[in-house]
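Thank you all for coming; I would like to walk you through one structure this morning. Please have the sequence and the model open while I talk.

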Amino acid sequence: MTPLDGALWLIRHGFAVFPCDHPELNRCAGLHKTCDGSRGKHPAVAFTRGWTLDERKAHETFGRGLRNPAVSVGACSGPEGVQLLVVDSDRPGAIEDVAGARGETWPATMRVDTAKGHHDYLWAPSSLKLGNGLGSLQGQFDGDVRAGNAYVVGPGALHATGVVYELEDPERPPAMAPSWLLRALLTKPQRPVRQSYPRPESRSLQGLVRFVADSTQGQRNSRLFWAACRAAEAGVDDAPAALLDAAMHAGLAEAEARATIASAFRTAGVSA
């Protein structure tokens, strides 16, 4: 499935489509000022209003150049006006494990295989105020959810690793989200006791470390990348180790944090 194939399939099934960066482009096509290195995922238009359901426009956008197709989640609606909810598992079976731990069975639904796991598309009542928060699944689920003002990369997209996002079963539509999942997403998470992290002696580094340590879900990686770029440009000693501690304190996995810091230093032309 090519990006154009994916875009057309999505449009024909009622999903609002817009273009994202493509990893084979020489430079990121995203609208952001500084790319965090996650090539192939950055919106090339304002996704809340630059989406389309027009096949002709899709041919113009995805047929003339390298762009990945993505879905503007909040612009999609299903039968009787239900809203779209996408569960993004960072490893195969992550959401099934969550369901099993609760004595539940995960429903068969529209699924797109990704580079790390899969996206499960579900319908949810339009009256619910869903977003990108995990609710009581925080710390229990290896992944994220996307609803409302959000987007996901769609089938036919090329990941930076060379993996193409693919539909597991093109004939399977989104199922209704199970009630246990909706209750969990709407329940406020219990705040864990946050462990302290080492404070660097350098004043110039202290602010960057605090900026990273105070990150919340959805901004941790981008904040870490920005702080690491500034530290690299300033030539601050011991920055990688201090920023790594702060990122792990904020909840990022060590491997992901190390990769982001290394990417930032490469961007700045400095060895981490």
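Let me begin with a definition: helices, meaning DSSP runs of H or I with at least four residues, and strands, meaning runs of E with at least two, are numbered from the N terminus. This is a predicted model, in which local features need pLDDT of at least 70 and side-chain atom pairs count only at pLDDT 80 or more, while totals for chains, interfaces and linings use all residues. Residues are numbered from 1 along each chain as its sequence is written, and side-chain values use heavy atoms, with hydrogens and water left out.

I will start with helix 8. Just after helix 8, G269 takes a positive phi of about 75°.

Next, the cores. A nonpolar core is a set of buried Ala, Val, Leu, Ile, Met, Phe, Trp, Tyr and Cys residues joined through side-chain atoms within 4.5 Å. The largest has 26 residues, of which L10, F15, V71, L84, M110 and Y121 touch the most other members. Helix 1, helix 2, strand 3, strand 4, strand 5 and strand 7 each supply at least two residues of this core, and helix 1 gives the most, with six. A second, separate core of 24 residues includes I261, together with F225, A246 and A247.

Now to the aromatic rings, which pair if the centres of Phe, Tyr or Trp rings (for Trp, the six-membered ring) lie within 6.5 Å; planes under 30 degrees apart count as stacked, over 60 as edge-to-face and the rest as tilted. How many aromatic pairs does the structure hold? There are eight aromatic pairs. One of them, F15 with W123, is stacked, at 6.2 Å centre to centre and 10° between the planes. F15 lies in the loop between helix 1 and strand 1 and W123 in strand 5, so the pair ties together parts that are 108 residues apart in sequence. Both F15 and W123 are buried. Another pair, F18 and Y151, is edge-to-face, with 5.6 Å between centres and 80° between planes. It links F18 in strand 1 to Y151 in strand 7, 133 residues apart; F18 counts as buried because its relative accessibility is 1%, whereas Y151, at 24%, counts as partly exposed.

My last stop is R39, in the loop between strand 1 and helix 2. Is R39 buried or exposed? At 16% relative accessibility, R39 counts as buried. Its side chain is joined to that of D21 by a polar contact of 2.6 Å, a polar contact being a pair of N or O atoms within 3.5 Å, where within protein one must be able to donate a hydrogen and the other to accept it, and residues adjacent in sequence count only if both atoms are side-chain atoms. A polar atom of the R39 side chain also lies 3.2 Å from the backbone oxygen of L25.

How values were computed: Buried means under 20% relative accessible area, exposed over 50%, partly exposed in between (1.4 Å probe, protein chains only).
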